[in-house]
Amino acid sequence: KCRKPSSGLIIEASKKWNIDLKNSFLIGDNWKDIEAGKDINLKSFLLDKDYNEGFEFEDRLKSLSDLIDLIRE
């Protein structure tokens, strides 16, 4: 349950540290990260890397600074 693409570890962390998942983001660099976020309706972003070019996902980031711009909008 705690190995991606399952979302168990995210859920455990949210309970332990009182994380509001409805107002949180998941940033990952592979399909397992994204699937774990989708499993619990967590807004997710895929960080572009050469090794994940073949994974189709529309919310992609070139860098983490791109996410800061999105949050500010």
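These are my notebook entries on a predicted model, written in the order in which I looked things up.

**Entry 1: the sheet**

I began with the strands, and I found three of them forming an open sheet in the order S1-S2-S3, with parallel pairing. Strands of a sheet pair through backbone hydrogen bonds, either parallel or antiparallel. S1 and S3 stand at the edges with a single partner strand each, so one side of each is left without a neighbour in the sheet. I then noted that H2 packs on the sheet, where it touches S1 and S2, and that the direction of H2 makes about 175 degrees with that of S2.

Next I went through the pairings one by one. Strand S1, residues 25-28, is joined to S2 by four bridges, and the two run parallel; within this pairing I looked up Ile27 and found that its bridge partner in S2 is Phe45. S2 also pairs with strand S3, residues 60-61, in the parallel sense over two bridges, and here I saw that Leu47 stands opposite Leu61 in S3.

I also followed the chain from S1 through helix H2, residues 31-39, to S2, and I recorded that these three elements make a right-handed β-α-β unit.

**Entry 2: covered and uncovered residues in the strands**

How many of the five residues of S2 are buried? I counted four for this strand, which spans residues 43-47, and so I wrote it down as mostly covered.

In S1 the covered face holds Leu26 and Gly28, whereas Phe25 and Ile27 are on the uncovered one.

**Entry 3: the nonpolar core**

Which residues make up the largest nonpolar core? I listed five residues in all, namely Leu26, Ile34, Leu42, Leu46 and Phe57.

**Entry 4: the aromatic pairs**

I then searched for aromatic rings that pair, and the structure holds two such pairs. Phe25 lies in strand S1 and Phe45 in strand S2, so the pair ties together parts that are 20 residues apart in sequence. I looked up the exposure of both partners: Phe25 is partly exposed, with a relative accessible area of 39%, whereas Phe45 is buried, with a relative accessible area of 6%.

Phe55 and Phe57 form an aromatic pair that is stacked, with 6.3 Å from centre to centre and 15 degrees between the planes. Here I had to check the cut-off, because buried means under 20% relative accessible area. Phe55, at 21% relative accessibility, therefore counts as partly exposed, while Phe57, with a relative accessible area of 18%, is buried.

**Entry 5: the segment before H1**

Leaving aside its neighbours within four places in sequence, Ser7 is in contact with Lys1, Ala36, Asp39 and Ile40.

Pro5 lies in the segment before H1 as well, and I looked at the peptide bond that leads from Lys4 to Pro5, which is cis, with omega near 20 degrees.

**Entry 6: backbone angles in two loops**

Where does Asn18 lie? I placed it in the loop between H1 and S1, and its phi is near 50 degrees, a positive value in a residue other than glycine. Asn18 is exposed, with a relative accessible area of 71%.

Asn41 lies in the loop between H2 and S2, and I noted for it a phi near 55 degrees, a positive value in a residue other than glycine. Asn41 is exposed, with a relative accessible area of 73%.

Key
Residues numbered from 1 in each chain as written. Predicted model: local features only at pLDDT ≥ 70, side-chain atom pairs only at ≥ 80, totals over all residues. Heavy atoms only, no water. Core = buried A, V, L, I, M, F, W, Y, C linked by side-chain atoms within 4.5 Å. Buried < 20%, exposed > 50% of the residue type's maximum accessible area, 1.4 Å probe, protein only. Pairing = 2+ DSSP bridges. Right-handed = clockwise from strand over helix to strand, strands pointing away. Phe/Tyr/Trp six-rings, centres within 6.5 Å; stacked < 30°, edge-to-face > 60°. Contact = heavy atoms within 4.5 Å. Axes fitted to C-alpha atoms, helices over the stretch in contact; angles between N-to-C directions.
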